[in-house]
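Let's walk through a structure together, with the pockets and the charged pairs as our stops. Please have your viewer ready.

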Amino acid sequence: MSATTRITVTLPTEQVAELRKLTDNVSGYVAEAVARQIRHQLLGDDLRRHQEEQGAFTDEELTEARAKIFGTADSADHSDAA
């Protein structure tokens with residue numbers, strides 16, 4: 001089990017009500033949401049840094065990335081060629 005730190009967070013009443021409808025473990029739910037947001041931000045930072053160093057992604061690279069992420073039919077064709 002990882003270490004935890006207790007903090008106080010202020011949220012709009014409506015959000016708290018919706019959270020309690022979704023889960024009995026509000027702390028766990030919020031921790032997962034924060035972790036997801038941190039990963040999202042770090043990935044965005046990495047992608048921006050890559051483009052600064054290597055240039056903008058081409059349409060082909062973006063199409064291939066979307067296929068890998070979303071599992072489109074085209075992804076099978078690209079993976080077989082690799």
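**Charged pairs and pockets**

D46 is partly exposed, with 41% relative accessible area (buried is under 20%, exposed over 50%, partly exposed in between, with a 1.4 Å probe and protein chains only). Before going further, a word on conventions: this is a predicted model, in which local features need pLDDT of at least 70 and side-chain atom pairs count only at pLDDT 80 or more, while totals for chains, interfaces and linings use all residues. Residues are numbered from 1 along each chain as its sequence is written, and side-chain values use heavy atoms, with hydrogens and water left out.

Which residue does D46 meet in a salt bridge? The partner is R49, at 2.5 Å from N to O (a salt bridge is a side-chain nitrogen of Lys or Arg within 4 Å of a carboxyl oxygen of Asp or Glu). Both residues lie in helix α2, 3 residues apart, about one turn of the helix (helices are DSSP runs of H or I with at least four residues, strands are E runs of at least two, and both are numbered from the N terminus). R49 is partly exposed too, at 42% relative accessible area.

Helix α2 holds another such pair. D45 forms a salt bridge with R48, and their closest N and O atoms are 2.7 Å apart. These two are 3 residues apart in α2, so about one helical turn separates them. D45 is partly exposed at 29% relative accessibility, and R48 is partly exposed at 47%.

E64 is partly exposed at 28% relative accessibility, whereas K68 is exposed at 63%. A search of the whole structure finds 4 salt bridges.

Let's step back to α2 as a whole. Its 29 residues should span 42 Å at 1.5 Å a residue, and its end C-alpha atoms are 42 Å apart, which agrees (the expected span is 1.5 Å times one less than the number of residues). Just after α2, G55 takes a positive phi of about 95°.

Rolling a probe the size of a water molecule over the atoms shows where empty space is left. On a 1 Å grid over the protein atoms alone, a cavity is a set of points where a 1.4 Å probe fits but cannot get out, and a pocket is an open set with protein on both sides within 12 Å along at least five of seven lines; lining residues have an atom within 4 Å of a point.

The largest pocket has a volume of about 620 Å³ (the space filled by probe spheres set on the points, which are joined across faces, edges and corners). Of its 17 lining residues, I7, V9, V26, S27 and V30 are the closest to the centre. The elements giving two or more residues to this lining are α1 (13-22) and α2 (26-54), and α2 gives the most, with 5.

The second largest pocket holds about 190 Å³. Its lining includes L43, L47, F57 and E61, and α3 gives the most residues to that lining, with 6.
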